[in-house]
Amino acid sequence: GTGKRTKDESLALKKLIEELKSDLKVEFSHRKALLAQFRGLKNELRNSTLRLKEIEKLRIFLSEDLCELKLKCKGEESALKASRTNKEEALIQSDLLRFEAQRFKDELNCKVDLVFSLETDRQGIVNVMKERKAEIAAHLEVKEITSKSS
C-alpha cells in the first residue's frame, strides 16, 4: 500500500463518479418535478380551501334564507287557513240569510193571502150589510105606507 491508485482503480472510480453524477442529476430532476407538483398541489389546496369557505358562507346564507322562507310559508299557511275559515263562515252566514229570507217570503205570502181573504170577507160583509139596510129600508117603507093607509 503506497496509497496510490492504479489506473484501473482510477478508471473504475471515475466511472463510479460519473454514474453517481448521473444518478444525482436524475434525483435533482426528480426532486424538481416533485417540488413543482408539491407547489401545484399546495396552490390547489389553497384554492379548494377558499372555495370551501365561500361555499360555507353561501350555505349559511341559504340556510338563513330557508329559515326565513319557512317562517313566511307558515305565516301564509296560517293566513290561508284563516281565509278559508272566514270563507266557510261567510258561506254558512249566506246560506242562513238565504233560508231566513225564504222563510220571511213564505210568511209574507201567507199574510198576503190572509189579507186578501179578510178583504174578501169584509167585502162580503159590506155587501150583506147593504142588502140588509136595503131590506130594512124597504120594510120601513112598507110599514110607513101601511101605517098611513090605516
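This is a predicted model: local features need pLDDT of at least 70, side-chain atom pairs count only at pLDDT 80 or more; totals for chains, interfaces and linings use all residues.
**Exercise 1. Overall form**

Task: Work out how many helices and strands the protein chain has, and whether the chain is more spread out or less spread out than a compact globule.

Solution: 
- Start with the secondary structure: the protein chain has one helix and zero strands.
- Next, take the radius of gyration, which is 62 Å, whereas the globule rule gives 15 Å for 150 residues. The value is well over that of the rule, so the chain is more spread out than a compact globule.
- Finally, look at the box that the C-alpha atoms fill along the principal axes: roughly 210 × 20 × 15 Å.

**Exercise 2. Surface and charge**

Task: Find what percentage of the residues is buried, then describe the accessible surface and the charged side chains.

Solution: 
- Count a residue as buried when its relative accessible area is under 20%. Buried residues then make up 0% of the 150 in the protein chain.
- Now tally the charges. There are 32 positive and 27 negative side chains, and 15 Å separates the centres of the two sets.

**Exercise 3. A nonpolar patch**

Task: Name the residues that make a nonpolar surface patch of about 330 Å², and decide whether Leu-16 is buried, partly exposed or exposed.

Solution: 
- The patch is made by Leu-13, Leu-16, Ile-17 and Leu-20.
- Locate Leu-16: this residue sits in helix H1, which covers residues 7-149.
- Leu-16 has 42% relative accessibility, so it counts as partly exposed.

**Exercise 4. Salt bridges along the helix**

Solution: 
- Glu-107 is partly exposed at 36%, and Arg-103 is partly exposed at 45%.
- Glu-119 pairs with Arg-122 at 2.8 Å. Here the spacing is three residues in helix H1, again about one helical turn. Glu-119 is partly exposed at 36%, as is Arg-122 at 43%.
- Arg-132 meets Glu-135 at 3.0 Å, N to O. They too are three residues apart in helix H1, about one helical turn, and Glu-135 is partly exposed at 44%.

Definitions and conventions
Residues are numbered from 1 along each chain as its sequence is written. Side-chain values use heavy atoms; hydrogens and water are left out. Helices (H or I, at least four residues) and strands (E, at least two) are DSSP runs, numbered from the N terminus. The radius of gyration is taken over C-alpha atoms; the globule rule is 2.2 Å times the number of residues to the power 0.38. Buried means under 20% relative accessible area, exposed over 50%, partly exposed in between (1.4 Å probe, protein chains only). Accessible areas come from the Shrake-Rupley method with a 1.4 Å probe; for residues, only the protein chains shown count as cover. Lys and Arg count as positive and Asp and Glu as negative; His and the chain ends are not counted. The place of a charge is taken as NZ of Lys, CZ of Arg, CG of Asp or CD of Glu. Patches are made of residues with over 30% relative accessible area and no salt bridge: like charges are joined within 9 Å, nonpolar side chains (Val, Leu, Ile, Met, Phe, Trp, Tyr) within 5 Å. A salt bridge is a side-chain nitrogen of Lys or Arg within 4 Å of a carboxyl oxygen of Asp or Glu.
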